[in-house]
Number of protein chains: 2
Amino acid sequence: MDLTEQTVEKRYVYRGRIIKVRNDLARLPDGNPCQREVVEHTGGVAIIAEYQGKIALVRQYRYPYAETILEIPAGKLNPGEDPLACGKRELEEETGLTAKRWIDLGMVYPSPGYTDEKLYLYRAEELAEGNRHPDDDEFLDVVWMTPSELDAAVRSGEIKDAKTVIAYFRSYR
Amino acid sequence: MDLTEQTVEKRYVYRGRIIKVRNDLARLPDGNPCQREVVEHTGGVAIIAEYQGKIALVRQYRYPYAETILEIPAGKLNPGEDPLACGKRELEEETGLTAKRWIDLGMVYPSPGYTDEKLYLYRAEELAEGNRHPDDDEFLDVVWMTPSELDAAVRSGEIKDAKTVIAYFRSYR
């Protein structure tokens with residue numbers, strides 16, 4: 001069965017700082033018209049890094065949930081930026097760590113029903129410590145967990161962040 | 001360190017069918033003002049179900065990526081709906097399967113930087129076959145994979161959908 005939908009008209013309803021939003025007119029596989037809402041996002045990069053037996057996590061306030069949660073270091077791609085370059089920058093900014101070896105853990109779609117965000121995952125190895133330098137509007141604490149502590153946390157649901165769960169499993173299981 | 005941000009003003013910029021979008025005025029932990037973009041979503045439910053040695057997946061066109069991808073059965077919560085009730089409905093609608101036993105695989109945040117969507121994951125067991133009855137605007141094919149085929153696909157990146165990767169790992173590894 002051909003499942004393809006056709007875009008009839010791209011209609012931007014919001015152009016913001018992090019996201020743009022469209023409410024497109026589209027055509028279903030059976031030819032009927034429909035509306036499709038799309039959140040445009042430049043994409044993100046997340047990095048799992050184990051240094052001296054502990055994995056680096058960051059504790060951050062996530063405004064949409066009004067909650068402080070644990071995630072692996074991550075950041076937003078600048079338009080056109082290479083994901084690996086972004087990963088190197090974000091890991092160093094948030095944790096001070098630099099790495100000599102980067103393993104590609106693949107890419108995932110966080111919520112394909114409405115967002116076009118692509119999340120690139122890496123494992124950073126052969127690490128060295130440097131200085132953190134988070135962005136001015138970035139407030140975070142670095143937290144270290146052993147692999148077995150993180151294993152328990154991603155299974156129990158203490159870790160809620162999808163990219164952290166996936167990077168852990170792809171890297172350690 | 002107190003990482004909490006305060007909402008100064010909720011400002012809706014778009015109210016659609018699947019999502020609402022805000023560009024709030026907020027206050028950072030240091031007291032400085034900032035803007036926070038939030039996509040409001042009612043949440044989703046995804047179900048991993050193995051029937052006669054094969055796991056049910058659905059192949060669906062995902063408009064934001066202009067691509068047909070494989071995911072476990074899933075759907076959007078109606079406002080106020082119980083996630084488990086939603087899971088039962090969606091599994092039957094999309095695959096025809098009903099289940100006697102439901103295992104809670106926890107909840108995840110797909111992209112906590114900008115969306116408030118919560119994704120509830122279940123494993124359905126003791127399954128029986130019935131009739132599919134997808135929604136009118138839902139076009140999908142059911143695809144069956146053995147656990148070892150799915151293992152390879154979630155590791156290789158053939159499966160890009162985050163909820164599918166997480167439900168597989170939490171359920172099988």
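The structure is a predicted model, in which local features need pLDDT of at least 70 and side-chain atom pairs count only at pLDDT 80 or more, while totals for chains, interfaces and linings use all residues. Residues are numbered from 1 along each chain as its sequence is written, chains are lettered from A in the order in which they are written, and side-chain values use heavy atoms, with hydrogens and water left out.

The interface involves 66 residues of chain A in contact with 66 residues of chain B, contact being defined as heavy atoms within 4.5 Å. The size of an interface is often given as the accessible area lost when the parts come together. Between chain A and chain B the buried area is about 6,000 Å², with 61% given by carbon and sulfur atoms; buried area is the accessible area (1.4 Å probe) that two parts lose on being put together, summed over both. Of the area that chain A buries against chain B, 15% is supplied by Tyr63(A), Tyr65(A) and Tyr109(A), more than by any other three residues.

Between the two chains, 36 residue pairs are in polar contact, both residues being at pLDDT 80 or more. A polar contact is a pair of N or O atoms within 3.5 Å; within protein, one must be able to donate a hydrogen and the other to accept it, and residues adjacent in sequence count only if both atoms are side-chain atoms. Helix H3 (residues 162-172) of chain A gives the most to the side of chain A that touches chain B, with 6 residues. Helices (H or I, at least four residues) are DSSP runs, numbered from the N terminus.

In chain B, helix H3 (residues 162-172) is largely enclosed by the rest of the structure, because 9 of its 11 residues are buried. Buried denotes under 20% relative accessible area (1.4 Å probe, protein chains only). The buried residues of H3(B) include Tyr168(B), Phe169(B) and Arg170(B).

Asp161(A) lies in the loop between helix H2 (147-156) and H3 of chain A. With a relative accessibility of 0%, Asp161(A) counts as buried. The side chain of Asp161(A) forms polar contacts of 2.9 Å with that of Lys163(A) and of 2.6 Å with that of Thr164(A). Apart from neighbours within four places in sequence, Asp161(A) is in contact with Ile69(A), Leu70(A) and Glu71(A), as well as with Tyr109(B) and Pro112(B).

Notes: Helices (H or I, at least four residues) and strands (E, at least two) are DSSP runs, numbered from the N terminus. Buried means under 20% relative accessible area, exposed over 50%, partly exposed in between (1.4 Å probe, protein chains only).
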